[in-house]
Amino acid sequence: MARMKFLCDADRCIECNACVTACKNEHEVPWGINRRRVVTINDGKPGERSVSMACMHCTDAPCAAVCPVNCIYSTADAVVLHSKDLCIGCGYCFYACPFGAPQYPRVGNFGSRGKMDKCTYCAGGPEADGSKEEFVKYGANRLAEGKLPLCAEMCSTKSLLAGDGEIIAQIYKERVAKRGYGSGAWGWQTAYHETIAT
Amino acid sequence: MLTKYLRLLAAALAVAFTVAMPVSLNAQQQPTSVNPTADSVKEQQLLQELNKIQGRGTIPDVKSYTIEQPAGREWRHFHQVTLHWIGGIAVLGMLVLLVAFYLIRGMVCIESGRSGRKLVRFNAFERGVHWMTATCFIILAVTGLNITFGKELLLPLIGAEAFSTWSQWAKYAHNYLSFPFTLGVVVIFLMWIAGNIPNRVDVEWLKEGGGIIGHKHPPAYRFNAGQKMVYWIVVLGGAIVAATGYLLMFPFYATDITGMQIAQVVHGVVAVLFVAVMLAHIYIGTIGMEGAIEAMWDGSVDLNWAREHHKLWVEQEMQRDETAKSPRTAATPAE
C-alpha cells in the first residue's frame, strides 16, 4: 500500500487559488468551509512565499488521538478520514491539528460548531465507495476511482504534489537538484516527522 | 545626402552601443544561476522564531491564515496524557481517601444525642440555589469527565454508535447547563459572602484540624473554616471554569488558537480538581456526618448538632431570638 502525502513546492506556488476552487467544486463544499487554502507569507516583501495547505494526513494524527469519540481513523493508504455520524462537533481536533485543517459548519447551538469537515484526500468517508451518502457527507471519492486528489492534479505550476510519499519526495528532490534551490517540503517535519534531504 | 545618412548611422550605432554596453557588463557580473530561496522565508526559521507560521489569505476565515502551529502536538500531550494523570489522581485519590477515612473514623455522630429541637439553618431560597447549582454541577462533571475519560471507560462497553449519541447529548447538556450553573455560582457568592470572610476563629479551627481527628469540636460561627474553603473554591473555581468554558463554547470570538488551547488546559485542570473537592463536600454532607444533610434537605438542623459544630453561630441565633421575643429588653438595653 502507498503512503499518501501532500507536498507543496513553495518555490513554484503562484497563489492562483485554483486548488482551493477545484476542491470546493469537486466536493460541493458548503459556503464558509474551506478544506484547502493558500496562505502567503511575507506578502509583498522580498522573499515572499505562498503555500497551499490542507489536511496533511499526518503520521500518528493528533486529531485522531484527541477525538473524544474516536471518529477519526487512518486508511490503509494512510489517509486520515472521519465519520460524520460519530462526530459530536466538540472542536478538539482543531486545537490539536498543526495545520488548521478541521472546519465546522456554523449550525450548532450558539452558532458554533456542527459536524467537522476536512480534506479527505479525495477519498470520501466510511460509507460505501462512490455512494450517494458518501458524496453528500464527504464529497467525491476519486481515490476509489484510481485518481489522485484534484487540487494537485490540476495545479497549473505543479507546485502541489499528491501521491505516494516516496515518489513525490523523489520528484521534489530531482527538481531541487536541477534548478539548484528549494525551500523544503513545508509541514513535513511536523506532519510526518521527516523531511526531504536536498 | 550620403553624408547625412552616414552621420545618422554613426549616431544610431553610438546610441546602440551605449545601451548595449552596461547590459553586457551586467551579464558578465551576474552568477550563472540564481537562488531565489537564499533570501526567502524558511519554514524552520519561522517556526523557531514564533513556533507558528502565519501569512495572508484570501478567505474571510482569519484562523486559516495560520498554516502551521506545532503547539497542537503539545496540547495533544496535555489532553491525552497530563490531564488523564491529574484527573485520575485527583478523583480516584479523593475517593480512596474518603473510603479510608470512613473506614477509620466512621460517621461523625452527634455526641450529645438529638435534642429534638430544631434550628433553621438555610431558608428555602438558599436551598433552592444550592440544589440548582449542585444538580448542574453533577451533570457538568459527568459530561465533562466523559469528554476526557469516556472513550477509554465507556466506549468499549456500549460501542461507538451509542457512545457517540450519548456524547452528543452530553455536549448539549454541558453547554446549556453552564448557564444555570454560572447563575448559581454568582448567587452563592452574593448570598453567603457575609458568613465566609476569614477571621481569627478560623485560625483556631484550622489549628485543631477542624476536630476531624479525635472528638474535639473547635468553635465556629455559621460557617467554619472548612466550609469557608469550600465556599471560596466554589466561587473562584466556578468563576474560572465558567470563564474558560464560555471561551470554549464561543470558539475564536475572543481569542486565537493559542488562547483556545490555554483555555482548555485551565478548564480541564480546574474542573477535575473541582470535582475532587466536591466529592469531599458530598461525603461530609451525607454519610460523613450525622445530621448534616438536614441543613440542606429541610433547612433546619438539630440544636445539639449546631452546638457541637457551630457553637458561636448558635449563640448568635439564640441572642437574636431573645431580642426578637422580648421587645422590651431590645428597647432598653441593660448597659
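## Burial and Phe6(A)

A residue is termed buried if 20 or more other C-beta atoms lie within 10 Å of its own, exposed if 12 or fewer do, and partly exposed in between, with C-beta atoms placed from the backbone. Phe6(A) is buried because 28 other C-beta atoms lie within 10 Å. The structure is a predicted model, in which local features need pLDDT of at least 70, side-chain atom pairs count only at pLDDT 80 or more, and totals for chains, interfaces and linings use all residues. Residues are numbered from 1 along each chain as its sequence is written, while chains are lettered from A and ligands numbered from 1 in the order in which they are written.

Phe6(A) belongs to strand β1 (residues 4–8) of chain A; helices (H or I, at least four residues) and strands (E, at least two) are DSSP runs, numbered from the N terminus. Leaving aside residues up to four places away in sequence, Phe6(A) touches Ala54(A), Met56(A), Leu160(A) and Ala162(A), where contact requires C-beta atoms, placed from the backbone, to lie within 7 Å. Between Phe6(A) and Tyr121(A) the C-alpha to C-alpha distance is 8.9 Å, although 115 residues separate them in sequence.

## Nonpolar cores

A nonpolar core is a set of buried Ala, Val, Leu, Ile, Met, Phe, Trp, Tyr and Cys residues joined through C-beta atoms within 7 Å. The largest such core has 77 residues, and those with the most contacts inside it are Cys8(A), Val51(A), Cys63(A), Cys67(A), Cys93(A), Ala96(A) and Leu160(A). Helix α3 (residues 92–96) of chain A contributes the largest share of this core, five residues.

Another core, of 14 residues, lies apart from the largest one and includes Ile110(B), Trp205(B), Val301(B) and Ala306(B). Not counting residues up to four places away in sequence, Cys63(A) touches Ile72(A), Cys93(A), Ala96(A), Cys97(A) and Pro102(A).

## Chain B and its helix pairs

The secondary structure of chain B consists of 13 helices and four strands. Of its 335 residues, 26% count as buried. Among contacts in chain B with a separation of 6 or more, 68% join residues 24 or more positions apart.

The axes of α3(B) and α9(B) come within 9 Å and cross at roughly 5 degrees; axes are lines fitted to C-alpha atoms, for helices over the stretch in contact, and angles run from 0 to 180 degrees between N-to-C directions. The two helices, α3(B) and α9(B), are therefore roughly parallel, given that angles under 35 degrees count as roughly parallel, over 145 as roughly antiparallel, 65 to 115 as roughly perpendicular and the rest as oblique. The residues of this contact divide into 19 nonpolar, four polar and no charged; Ala, Val, Leu, Ile, Met, Phe, Trp, Tyr, Cys and Pro count as nonpolar, Asp, Glu, Lys and Arg as charged, and the others, Gly among them, as polar.

For α6(B) and helix α8 (residues 225–249) of chain B, the axes come within 10 Å and cross at roughly 150 degrees. This angle makes α6(B) roughly antiparallel to α8(B). Residues in the contact include Phe189(B) and Trp192(B) of α6(B), and Tyr231(B) and Met249(B) of α8(B). The contact of α6(B) with α8(B) comprises ten nonpolar, five polar and no charged residues.

## Interface between the chains

In the interface, 49 residues of chain B are in contact with 43 residues of chain A. At least two residues each are supplied to the chain B side by β2 (66–68), α3 (71–105), α4 (124–153), α6 (160–192) and α9 (257–285) of chain B. With eight residues, α6(B) gives the most to that side. The chain B side is made up of 18 nonpolar, 20 polar and eleven charged residues.

Notes: Two residues are in contact if their C-beta atoms, placed from the backbone, lie within 7 Å.
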